[in-house]
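Student: I would like to go through the labels used for this model. Please set each one against its definition.
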Amino acid sequence: MAKKSLFPLIRKITTSTGAAFLAAVANNGNMFQRHPIQNQHMMFITTNTQSRMPVFEDAACARIAVETLYSIQHFYPYFLFAFVIMPDHCHLLINVPEGGSISKVMGIYKRATTFNVGRGAIWQSRFHLLI
C-alpha cells in the first residue's frame, strides 16, 4: 500500500492557520509535539480533569498529585517554579531544559497520577500552554 503524501495537509494547515503549525507534522506521517517552542522558556500550563470531575477535593488525591509532581522529576527533569492543585484542574509554572519535552513531562505526570489515584481515567487528553 502506497503511503500518502502529507504535503497537501501541510499546505492547507499553513495557509489557514499560519506557519507555526508546520512544525506539527513530521516526515513519514508522524506527529511532532504540539508545542514546538518550549525549551528555555517558562511555561504556564493548565490541565483539567475528565468532565471537570472534582477529583482533588479529596485531600488524599490532591496529595498524590503533588507528590507525583516531585517524583517524576527524577525521570523527566524540569524546573518547577510554582503550582496549584484545584478540585478539577491544576496549574503549573515550569521550565523544561534543552532536550526535554513538555509533552513527555505532562504525559508521564498524568499517567502516574492516574495510576496512583487508582480511580480510572481522571484527566482530559490535552493541556493548555502559555509561554
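Tutor: Two strands pair if DSSP finds at least two bridges between them. Helices (H or I, at least four residues) and strands (E, at least two) are DSSP runs, numbered from the N terminus. The model is predicted: local features need pLDDT of at least 70, side-chain atom pairs count only at pLDDT 80 or more, and totals for chains, interfaces and linings use all residues. Residues are numbered from 1 along each chain as its sequence is written, and side-chain values use heavy atoms, leaving out hydrogens and water.

Student: What makes β1 and β4 (residues 128-130) a pair?
Tutor: Three antiparallel bridges join them. At least two are needed, so they pair. Threonine 46 has histidine 128 of β4 as its bridge partner.

Student: How do you know that β1 pairs with β3 (residues 89-95)?
Tutor: Six bridges link these antiparallel strands. Asparagine 48 lies opposite histidine 89.

Student: Why is β1 (residues 43-48) called mostly covered?
Tutor: Buried means under 20% relative accessible area, exposed over 50%, partly exposed in between (1.4 Å probe, protein chains only). Five of the six residues in β1 are buried, so the strand is mostly covered.

Student: What is the expected span of α3 (residues 102-117)?
Tutor: The rule is 1.5 Å times one less than the number of residues. With 16 residues, 22 Å is expected, and α3 reaches 22 Å from first C-alpha to last.

Student: What covers the buried residues of α3?
Tutor: Contact means heavy atoms within 4.5 Å. The cover includes β1, α2 (59-71), β2 (79-85) and β3. Among the residues buried are Ile102, Tyr109 and Lys110.
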